Amino acid sequence: MSRLQSRFAALKEQNRAALVTFVTAGDPNYDASLAILKGLPKAGADVIELGMPFTDPMADGPAIQLANIRALAGKQNLIKTLQMVREFRKDEQATPLVLMGYFNPIHKYGVERFVADAKEAGVDGLIVVDVPPEHNADLCDPAQAAGIDFIRLTTPTTDDKRLPTVLNGSSGFVYYVSVAGVTGSGSATLEHVQEAVARLRRHTDLPISIGFGIRTPEHAATIARLADGVVVGSALIDQIAKADTDQQAIDGVLGLCAELAEGVRGARR
């Protein structure tokens, strides 16, 4: 079993959802970002999504756009991001780590080289927003052949006719984008989330994680009662944006992560 399969299976046994956290590699700088990354498992993150900085993150709202700008200003690139994963893996072997981002930096790096280096570094999965299933051969197939899960986004506008195509070749978990918009924008109603999860379960046996717009422990707990995973990104990134020092950024992210974890873990009691 992959790390993702093992983690979701173990949490299912515990009858609780996963807290999936997103941070951007290199934000606010390499050292502080690495400290945050290393601290997330102890703070309660069950799965970590690590953003690969890119100049045009078209699925992301202002908070993550600014995180990308801060990281790129600090000269963060894909080589440094993979090195960050290697350093994370020196002490942490259990927590799944997923790289999330866009195809352009991977294409420039070279798909074959990227897949090999990501696997060697300890990457468990990829979420690449702008590679549709019609282009599985470009990245999804090589990644899965190397043992790296390829996680698809589904949205409120992904209808029943389209869903089987989107889910074709998906592995790890399904990421349901709960609002028709960018990251950090608004939040879906409970009724909408219930309907979406029920519909997705008719199409896949993969764990379903829900994100976009989840900001508080209370909101995370509500989603955790319905889904297999709760994804939080912009709220964590905001802790970095408002910090005056690196230590404030580290403490802010890890402190909020712990609060979110408490909400998720108590959701089904």
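This is a predicted model: local features need pLDDT of at least 70, side-chain atom pairs count only at pLDDT 80 or more; totals for chains, interfaces and linings use all residues.
Setting aside neighbours within four places in sequence, I found Leu99 in contact with Leu50, Met52, Thr81, Leu82, Val85, Phe114, Val123, Gly125, Leu126 and Ile127.

I then looked up the core around it. The largest nonpolar core has 70 residues, and Leu99, Phe114 and Leu126 are the members that touch the most others. I checked which element gives the most to this core: helix 12, residues 246–265, with 9 residues. Another core, of 20 residues, lies apart from this one; I noted Phe8, Val47, Val98 and Phe212 among its members.

Next entry: helix 11. I listed residues 234–241 and found the helix mostly covered, with 6 of its 8 residues buried. The buried ones are Ser234, Ala235, Leu236, Ile237, Gln239 and Ile240. I looked up what they pack against and wrote down strand 1 (18–24), helix 2 (30–43), helix 3 (62–73), strand 9 (229–232) and helix 12.

Next entry: the largest pocket. I noted a volume of about 350 Å³. Its lining comes to 19 residues, and Lys12, Asp205, Leu206, Pro207 and Asp228 lie nearest the centre. I sorted the lining of this pocket by class and got 8 nonpolar, 4 polar and 7 charged residues. Helix 1 (residues 3–13) supplies the largest share of that lining, 6 residues.

Next entry: His192. I placed His192 in helix 9, residues 190–201.

Last entry: cysteines. I searched the whole structure for disulfides and found 0. Cys140 has a relative accessible area of 0%, which is under the 20% limit, so I recorded Cys140 as buried. Cys257 also comes out at a relative accessible area of 0%, and therefore I recorded Cys257 as buried.

How values were computed. Residues are numbered from 1 along each chain as its sequence is written. Side-chain values use heavy atoms; hydrogens and water are left out. A nonpolar core is a set of buried Ala, Val, Leu, Ile, Met, Phe, Trp, Tyr and Cys residues joined through side-chain atoms within 4.5 Å. Buried means under 20% relative accessible area, exposed over 50%, partly exposed in between (1.4 Å probe, protein chains only). Helices (H or I, at least four residues) and strands (E, at least two) are DSSP runs, numbered from the N terminus. Contact means heavy atoms within 4.5 Å. On a 1 Å grid over the protein atoms alone, a cavity is a set of points where a 1.4 Å probe fits but cannot get out, and a pocket is an open set with protein on both sides within 12 Å along at least five of seven lines; lining residues have an atom within 4 Å of a point. Grid points are joined across faces, edges and corners, and a volume is the space filled by probe spheres set on the points. Ala, Val, Leu, Ile, Met, Phe, Trp, Tyr, Cys and Pro count as nonpolar, Asp, Glu, Lys and Arg as charged, and the others, Gly among them, as polar. A disulfide is a pair of cysteine sulfur atoms within 2.5 Å.
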